[in-house]
Amino acid sequence: MINALVAFYAFFLNLLAVSIGMAFIYGVARVLNLAHGAFFVLGGYLATALITRLGPVPGALATAAVLAALPPLFYLYVRLTRNELEQLFATYALLLLMEGLFKLVFGYGNYTLADLAAGLGAASVGGQRVPYAYFLAGVAVAGLMATFYLLLYKTRLGLYMRAVSDDREMAALGVRSPLVQHLSIFLGIFATALLGAVAATWQAYTLGLSAEVLIYAFAALVIGGLGNIWGTAAASALVAVARTAVVMFYPELELLVIYIAVIAVLLIRPGGIFTRYARVA
Amino acid sequence: MGIAFVAGLGVGAGLTSLMRPQVSQLTPTGTATLETPKYTTVSPARRKEVFKLGVVTFQTGAASIFGIPALNAAQLLVDQINQAGEILGAKVELVVRDESGGPDKMVAVYRELTQQAGVDAYVGLISSADCLAVAPVAEDIGTTLTVFFDCATKQLVDRGMMKKVTFRTGGTTVTDGVALARYVLEVMPDVKTVVGLNQDYAYGRDEWADFKNALLTMKPDVKVLDELFTPLFATDYSAQISKILDLRPDLVHTSLWGPDLVNFIKQATARGLFQQTRVAFARGEFGLYEGMPDDQIVEGPHYHGFPDPKAYYINRDFVEAYISRFGSPPPYPAYHMANAILGVKYAFEVAAAVENVEWPDLSAVVKIFERLAYATPGDYIIMTPNHNAMRGAVVGISKGGKLTALKYMHAAEVNPPVGVLSDQWVKSL
């Protein structure tokens, strides 16, 4: 039972980490970022490279500094596009471009902080080893979610973001919508890359992962409702439960379970399980 | 009979060149292998200036972890070959293509390389699906010596797909499975329970089926507790690890590779799986550089410590040259590439010698290659009339990122004899 819970928890964190940033950007700015996975992977690569070279604290700070410089670049890039179709092309091109850069800069090896994380040791829960790094990663992800919550519901900027998210045209009457959208792109990209860095404590980064990550992110997004970050979080939990149960009881289905969930949601509630009302595009 | 005899002479000549007496040399070098045997010839000069060698491996995506070392080895060897007399006096030029894009694209790339770029030989393909798609096309076109250097599907031999110009200089998933099962039974004669953890696609399923069949044939009382299959490039193995921890099997079999192998090793180490259960890694050689825990059973199709570089100079020189140029020891795809490229070189050279011409035609090269045995950095490769290599396998126990208790399984004990179907043979073990 403990082992099943750990499995659920680890996969839940995983899904949350890959999907939240994307949900946030789509929710507020309506940018469907196909390069999302590349930013996640970039966070992992950078954190591993810098932390192994500079040590944990300076490395983490350097990573955060480099990552903070990224979103403006991305914003400038996305601004060149005029509509959603161009956005898809542009962000997909960016994905390929970034993969090329990863190969150039980081080579073809595996990058991971798992050894460092394993050095933290493990707690014994019910006779099973649960690595402390899992708790730490949980704290980091929860912290980020809390930050999002405080930002969205306790600040004026958050109010604007929710307004823009609900109805861009109406919000434009009192809010500078483009500015709010830019800020949300900044935040979403930064959070994605940061979560990629956190995920380096349990997974390895290598070439080609950017596109793989995208599949999981999309699944969580579609099930939770496009752009709905709380829905995405709930969807992550749901998928994690389903996947853990499948592996425990009928492992043959594992490859399919996530797709079955997505297809079921699209058939039954195309707007996403956790969307209260369908948006009119 | 006649041909076999002449080919044997040719092979002998080739081998003599690499075993040339080195009395005057204080530090004999393995690269003597790469020198072209010189023959006087009476036929008119049809010598080529350039030997175009098409090489196709993954250069992008997650499988580039295999493709890039393989291409590294190709570049290294081609430079060495060109310095040591080229191939029959023709300078070898690489024409490189990326394997990403799937089987249909690989067929298109094959046509492009052979019909437009005009390569003299084609070496390539890591993915089994790509090999299965390209083989019939290569046979159909029939103009170019085609050597698959890595893909491990047994279907190529079982379905007789390599008959004319297509060869593979490596073993199959059967080689992996039987070698691993034999080794497991040697070091764990009392193994009772096993769980499989493999990727959910043709390669992973074949690796598991071949290992399971071999193990159960040789020790029928072993119980398979579960068969787990994970999506390719899953980053999280916590559910599988949990299940294995709950099932407590004596042994886990896995053929994970690339990032999946690394992720599994890291996550399983953190959860203490290796203290409870021993894992047999069919493609674990890569894991040795990625924190492979001690005391696990690891098979590399090749391992840079075997044959012992101290004793076997060809390997010593290859390892040293590879490390000095690329900064790390050659992983097994680099050896696979060497097996293929040296095979091409020797097939052309021996064919020219046997036919006594400056440049052999394809049919002579094919006839020779079917019966060629030649030295490479990682092994002696024995080609067979079914166009597949009889390749041995290296298995050992991991210790401090190295393989100890190395055992080389002879090619004849881990591959079905020519003409016998893989499954039939495994059941007869």
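Ala, Val, Leu, Ile, Met, Phe, Trp, Tyr, Cys and Pro count here as nonpolar, Asp, Glu, Lys and Arg as charged, and the others, Gly among them, as polar. The model discussed below is predicted.

Q: How do the residues lining the largest pocket divide into nonpolar, polar and charged?
A: Sorted by that rule, the lining holds 21 nonpolar, 10 polar and seven charged residues. Among the residues nearest the pocket's centre, B:Phe58, B:Ala62, B:Ala63 and B:Phe233 count as nonpolar, whereas B:Ser100 counts as polar.

Q: Which elements give two or more residues to the lining of the largest pocket?
A: The pocket, with a volume of about 810 Å³, is lined by 38 residues. Helix 4 (84–106) and helix 10 (209–224) of chain A, together with helix 4 (128–141) and helix 7 (202–218) of chain B, each give two or more of them, and the largest share, six residues, comes from helix 4 of chain A.

Q: What makes B:Phe348 a residue of the largest nonpolar core?
A: Membership requires a buried residue of a listed type, Phe among them, joined to others through side-chain atoms within 4.5 Å. B:Phe348 belongs to this core of 168 residues and, with B:Phe51 and B:Phe264, touches the most other members. Leaving aside residues up to four places away in sequence, the contacts of B:Phe348 include B:Phe51, B:Ile87, B:Leu145 and B:Trp359.

Q: Which residues does a second, separate core include?
A: This second core has 28 residues, including B:Ala181, B:Trp208, B:Ile297 and B:Val426.

Definitions and conventions. Residues are numbered from 1 along each chain as its sequence is written. Chains are lettered from A and ligands numbered from 1 in the order in which they are written. This is a predicted model: local features need pLDDT of at least 70, side-chain atom pairs count only at pLDDT 80 or more; totals for chains, interfaces and linings use all residues. Side-chain values use heavy atoms; hydrogens and water are left out. Buried means under 20% relative accessible area, exposed over 50%, partly exposed in between (1.4 Å probe, protein chains only). Contact means heavy atoms within 4.5 Å. On a 1 Å grid over the protein atoms alone, a cavity is a set of points where a 1.4 Å probe fits but cannot get out, and a pocket is an open set with protein on both sides within 12 Å along at least five of seven lines; lining residues have an atom within 4 Å of a point. Grid points are joined across faces, edges and corners, and a volume is the space filled by probe spheres set on the points. Helices (H or I, at least four residues) and strands (E, at least two) are DSSP runs, numbered from the N terminus.
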